[in-house]
Amino acid sequence: MSVRPPTIRTRVAVAAAGALIAAGAPAAYATLGEDPPERPPVTAQARGKAYVETRLFFGTERPDGGPAVTDEQFLAFVDREVTPGFPAGLTVQNGRGQWRDGSGTIERERSYELILLYPASEARLHDPRIEAIREAYRRAFGQESVARLDEPTRADF
């Protein structure tokens, strides 16, 4: 019995089938609710230096039923409690949010998002400052909590 070498037609058919399978893999994973295997990203070289991005979320409704925190009150709080520890800059955004309070009630309220960027090498230095900001807001405005989100990132100025 002799084995015949594959023809060009056979090679093209095998290559096409392989390409279709590879292209369909992400869709198959999405259908199954699974993450596709990791692939190296096709992006430009990362720019900037290692930073930490901290986001703090401040509610404005008072649990005791008092008046909501005003823009003027919040900006005065930022000037007094945040700017001294982060004089290089920060960002404040207005938002609308909801969360479940300690008694299980879903609360919807106007909110503020404070974004801080600082070198990753200074994270230990800034952590107590950020915790002091959270505690100061809780005390000043009778809040149950101030949410915190920390993400490693790269920044270039």
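Colleague: Where is the place of Asp156, relative to the strands?

Modeller: Happy to start there. This is a predicted model, in which local features need pLDDT of at least 70, side-chain atom pairs count only at pLDDT 80 or more, and totals for chains, interfaces and linings use all residues. Residues are numbered from 1 along each chain as its sequence is written, and side-chain values use heavy atoms, with hydrogens and water left out. Helices (H or I, at least four residues) and strands (E, at least two) are DSSP runs numbered from the N terminus, and Asp156 sits in the segment after strand S4 (147–155).

Colleague: Is Asp156 buried or exposed?

Modeller: The classes go by relative accessible area with a 1.4 Å probe on protein chains only: buried is under 20%, exposed over 50%, and partly exposed in between. Asp156 has 57% relative accessibility, so it counts as exposed.

Colleague: Which residues is Asp156 in contact with, leaving aside neighbours within four places in sequence?

Modeller: Contact here means heavy atoms within 4.5 Å. Arg47 is 109 residues from Asp156 in sequence, while their C-alpha atoms are 6.5 Å apart. With the sequence neighbours left aside, the contacts of Asp156 are Arg47 and Gly48.

Colleague: Over to helix H2: which of its residues are buried?

Modeller: H2 covers residues 71–82, and on its other side Glu72 and Asp79 are exposed. The buried residues pack against strand S1 (49–59), strand S2 (91–100), strand S3 (106–119) and helix H3 (123–141). Those buried residues are Phe74, Phe77, Val78 and Val82.

Colleague: How many aromatic pairs does a search of the whole structure find?

Modeller: Rings of Phe, Tyr and Trp (its six-membered ring) pair if their centres lie within 6.5 Å; planes under 30 degrees apart are stacked, over 60 edge-to-face and the rest tilted. By that rule, the search of the whole structure gives 11.

Colleague: What is the geometry of the aromatic pair of Phe77 and Tyr137?

Modeller: Phe77 is in helix H2 and Tyr137 in helix H3, 60 residues apart. Phe77 is buried at 0% relative accessibility, and Tyr137 is buried at 0% too. Their rings are 5.2 Å apart centre to centre with 75° between the planes, which makes the pair edge-to-face.

Colleague: And what is the geometry of the pair of Phe86 and Tyr118?

Modeller: Phe86 lies in the loop between H2 and S2 and Tyr118 in strand S3, so this pair ties together parts 32 residues apart in sequence. Phe86 is buried at 5%, and Tyr118 at 3%. With 6.1 Å centre to centre and 50° between the planes, the pair is tilted.
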